Amino acid sequence: MRSDNPGFVPDSPFSKQLPEEWLNFFKTFPKLELHCHLLGTTSKETFEELVAESGADVSQEEINNFYTRGDKPVGVLRIFRCLERKVLSKPSFLTRITLKHIQRVASQGVKYIEFYWNWTGLKHFMTYDEARQAINEGIRQGMQRYGVTARSIPSIDREDTPEAAVELVEEMTKHPDDYTIGLGIDYRETNHEPENFWKAFKMAKEAGFKITIHAGEFGEHWRNVETAMKLLGADRIDHGYTIIDNPELIKEAKASDMHFAVVPTNSYYLRTLSDEEWAIKHPVRKMVELGLKVFPNSDDPTMHHISISESWLLMHNWLDFTLPQLRKMLENSIEAAWVTDEQKAIWKKEWLKEFDRLSVDLPPVN
Ligand SMILES: [Zn+2]
């Protein structure tokens, strides 16, 4: 039954009945999360609290609707817009959402997280600096209370103008800090091509920020992935699924050691593939088969009704990746993190060892 599955994904012909020990394994092995959106981590409970505290004109029915994910999900962007336009009127709300998410992922083995947030849609409520400081306060408290290292990635709202993106990068450059490490781009990709924002990416690169780009998320042409990689200088790609349609580009992605932060609960493939074909035809399977470096992420966990550990569980028990393949994905995610090479080497040594220790005694699955 879809309603019993993590993220309400369809049943998979690859699924087996996993003993409790396996479920615990997915929750406990040390992991990273590099692709999730701050607003997409807002729980229904927090959403309700913030509506009450802000006095925003949002009905309970609307909220219930936001947190109902149908069999053919239409995505979560309308929920983000409601938060931006009506609810997130105070910077302290951002601190609260940040801290709550860090608390949540700490219980799922996450040691390091990089997350996206948008300022453009919040501009009518607060300055970039106010938003940045509020989020950083959440990051600081998250480290103190839960021992998770978090970093933030302000992101371009691609439904807004390229000039708004330039303004964002100007603000990032004006207010540098240790927690804000790169520039992303999100919201609706269809008809909002990445190259429109070349100037903002160029400025960010020159200012020393890393770059990650959502491309090929909703079935868009592989050209967007190519533009992200070759024109805009992406350090990693979010989604990137349509690269499987271009063998030449796959070769280039491998040669340049590109990493792909994929999302098993991606709305587009849940909507466009039939229940019977979803697990079999999910493009992530093809990406791995073709030798691309991928790793799973939760994207908008409270709205996809998924946790980061369940995203890993889906990779194994729905999309049929073996434990050695998951271990490789963990290694990929460490390589893709925006930390020093020394830090990566330490994490690889410690966390892969812990992955091996926790997985070696797992009971056989029938
Ligand atoms: Zn995303």
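**Entry 1. Terms and model**

I count as a helix a DSSP run of H or I with at least four residues, numbered from the N terminus. With that rule, I place Phe14 in the segment before α1. I am working from a predicted model.

**Entry 2. The whole protein**

I started with the secondary structure. I found 17 helices and 8 strands in the protein.

Next I looked up the overall dimensions. The C-alpha atoms fill a box of roughly 55 × 45 × 40 Å along the principal axes. For 366 residues, a compact globule would have a radius of gyration near 21 Å. The protein has 19 Å, which agrees.

I then checked burial. Of the 366 residues, 57% count as buried. The protein exposes about 14,900 Å². Carbon and sulfur atoms supply 50% of that area.

Residues 24 or more positions apart account for 78% of them.

I noted 45 positive and 57 negative side chains. The centres of the two sets lie 2 Å apart.

**Entry 3. Phe14**

I went back to Phe14, in the segment before α1. What does Phe14 touch, not counting residues up to four places away in sequence? I listed Ala279, Ile280, Arg285, Asn317, Trp318, Leu319 and Asp320. I took Leu319 for a distance check. Phe14 and Leu319 are 305 residues apart in sequence. In space, their C-alpha atoms are 6.9 Å apart.

**Entry 4. Helix α15**

Asn317, one of the residues that Phe14 touches, is among the buried residues of α15. So I looked up the helix. Helix α15 spans residues 308–317 and is mostly covered. I found 9 of its 10 residues buried. They are Ile308, Ser309, Ser311, Trp312, Leu313, Leu314, Met315, His316 and Asn317.

I kept a general point in mind here. An α-helix has 3.6 residues a turn, so residues three or four places apart point the same way.

**Entry 5. Aromatic rings**

I turned to ring pairs. The count comes to 14 aromatic pairs. I looked at Phe25 and Phe26, whose ring centres are 5.4 Å apart. Their planes stand at 65°, so the pair is edge-to-face. The cut-off behind that label is an angle over 60 degrees between the planes. Both Phe25 and Phe26 are buried.

Phe29 and Trp312 also form an edge-to-face pair. I noted 5.2 Å centre to centre and 85° between the planes. Which parts of the chain does this pair link? Phe29 is in the loop between α1 (20–28) and β1 (31–33). Trp312 is in helix α15, 283 residues apart from Phe29. I found both Phe29 and Trp312 buried.

I then looked for a cluster. Phe25, Phe26, Phe29, Trp312 and Phe355 form one aromatic cluster.

**Entry 6. Positive phi**

I checked the backbone next. Most residues other than glycine have a negative phi, and most peptide bonds are trans.

Phe8 is not a glycine, yet its phi is positive, about 55°. I located Phe8 in the segment before α1. Its relative accessible area is 25%, so Phe8 is partly exposed.

Asp320 is also a residue other than glycine, with a positive phi near 70°. I placed Asp320 in the loop between α15 and α16 (323–336). At 36% relative accessibility, Asp320 counts as partly exposed. Asp320 is also among the residues that Phe14 touches.

**Entry 7. Two single residues**

I looked up Ala164. Ala164 sits in helix α7 (residues 162–174). Is Ala164 buried or exposed? Its relative accessible area is 6%, so I call Ala164 buried. The cut-off for buried is under 20%. I also took a distance to Trp119, 45 residues apart from Ala164 along the chain. Their C-alpha atoms are separated by 9.7 Å.

Glu193 was my other stop. I found Glu193 in the loop between β4 (182–186) and α8 (198–206). Glu193 has a relative accessible area of 28%, so it is partly exposed. Leaving aside neighbours within four places in sequence, Glu193 is in contact with Arg158 and Asn224. Glu193 and Thr41 are 152 residues apart in sequence. Their C-alpha atoms are 26 Å apart in space.

Key. Residues are numbered from 1 along each chain as its sequence is written. This is a predicted model: local features need pLDDT of at least 70, side-chain atom pairs count only at pLDDT 80 or more; totals for chains, interfaces and linings use all residues. Side-chain values use heavy atoms; hydrogens and water are left out. Helices (H or I, at least four residues) and strands (E, at least two) are DSSP runs, numbered from the N terminus. The radius of gyration is taken over C-alpha atoms; the globule rule is 2.2 Å times the number of residues to the power 0.38. Buried means under 20% relative accessible area, exposed over 50%, partly exposed in between (1.4 Å probe, protein chains only). Contact means heavy atoms within 4.5 Å. Accessible areas come from the Shrake-Rupley method with a 1.4 Å probe; for residues, only the protein chains shown count as cover. Lys and Arg count as positive and Asp and Glu as negative; His and the chain ends are not counted. The place of a charge is taken as NZ of Lys, CZ of Arg, CG of Asp or CD of Glu. Rings of Phe, Tyr and Trp (its six-membered ring) pair if their centres lie within 6.5 Å; planes under 30 degrees apart count as stacked, over 60 as edge-to-face and the rest as tilted.
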